[in-house]
Amino acid sequence: MAAPRVTESTVVVDGQTLFYRDAAPGQGSPKLTVLLLHGIRFSSDTWLQLQTLAKLAEAGYRAVAIDLPGLGRSKEAVAPAPVGQPAPAAFLKGVSEALRLGPAVVVSPSLSGMYSLPFLFQHSQLLRAYVPVAPICTEKFPAEQYARIKTPTLIVHGERDAELGHASLAMLRHLPEHRVLVLRDAGHACYLDQPDEWHRGLLAFLRQLE
């Protein structure tokens, strides 16, 4: 089987240039598309170094990791909202359209919750599934709003993430189609502490969506 390839490029969304990495299966059409977001101290390079991009492509998925506005190699782009406040849902919709993602699985750690949650609530038809990893901004939306969303969801947090992990879970568990993955002996960036467990859990969830 041909090895997956990871390409680097930029895309213009709302007049701003964003850097992204795109990994495709070595052969055949992708079974699903996965959009990987990141936290404030990270970038798409995190998913490259952790081999998440490669593992997803090897499993037959298209994996796209973007650098959010003002971070990584998208430093010239201006974030559409102050950190800690929900961004306009149109931002990720624009990313989805520009990169021709179709209905994608969105992986959203920490800071990226300010982007993914508005997108989930306003454009759920563009999400095949949602994988929040202790995201911020969960408390900005009422339980009733979560309860209306039917998107399959894998809620992930580290066992030792006593603050944001637990706080986000308290709200995200109102999503009716959810399951929870707790990474043992892991902190806030739990995928870094337990990469093998992270990849096993994510791939198992994706296989059930095919």
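## The sheet

In this predicted model, eight strands form an open sheet with mixed pairing. The strands follow the order S1-S2-S4-S3-S5-S6-S7-S8. At the edges stand strand S1, residues 5–13, and strand S8, residues 178–183. Each of these two has a single partner strand, so one side of each is left without a neighbour in the sheet. From one strand to the next, the twist averages 20°.

## The pairing of S3 and S5

Strand S3 covers residues 33–36, and strand S5 covers residues 104–109. The two run parallel and are joined by three bridges. Leu35 stands opposite Val106 in S5.

## A helix across the strands

Helix H3 is made up of residues 90–98.

Where in the chain is Ile149 found? Ile149 belongs to the loop between helix H5 (143–147) and strand S7 (153–158).

Is Ile149 buried or exposed? The relative accessible area of Ile149 is 6%, and the cut-off for a buried residue is under 20%, so Ile149 counts as buried.

Which residues touch Ile149, leaving aside its neighbours within four places in sequence? With those neighbours left aside, Ile149 is in contact with Leu120, Phe121, Ser124, Leu175 and Pro176. Glu177 is 28 residues from Ile149 in sequence. In space, the C-alpha atoms of Ile149 and Glu177 are 8.1 Å apart.

Key:
Residues numbered from 1 in each chain as written. Predicted model: local features only at pLDDT ≥ 70, side-chain atom pairs only at ≥ 80, totals over all residues. Heavy atoms only, no water. Pairing = 2+ DSSP bridges. Helix = DSSP H or I, 4+ residues; strand = E, 2+ residues; numbered from the N terminus. Axes fitted to C-alpha atoms, helices over the stretch in contact; angles between N-to-C directions. Contact = heavy atoms within 4.5 Å. Buried < 20%, exposed > 50% of the residue type's maximum accessible area, 1.4 Å probe, protein only.
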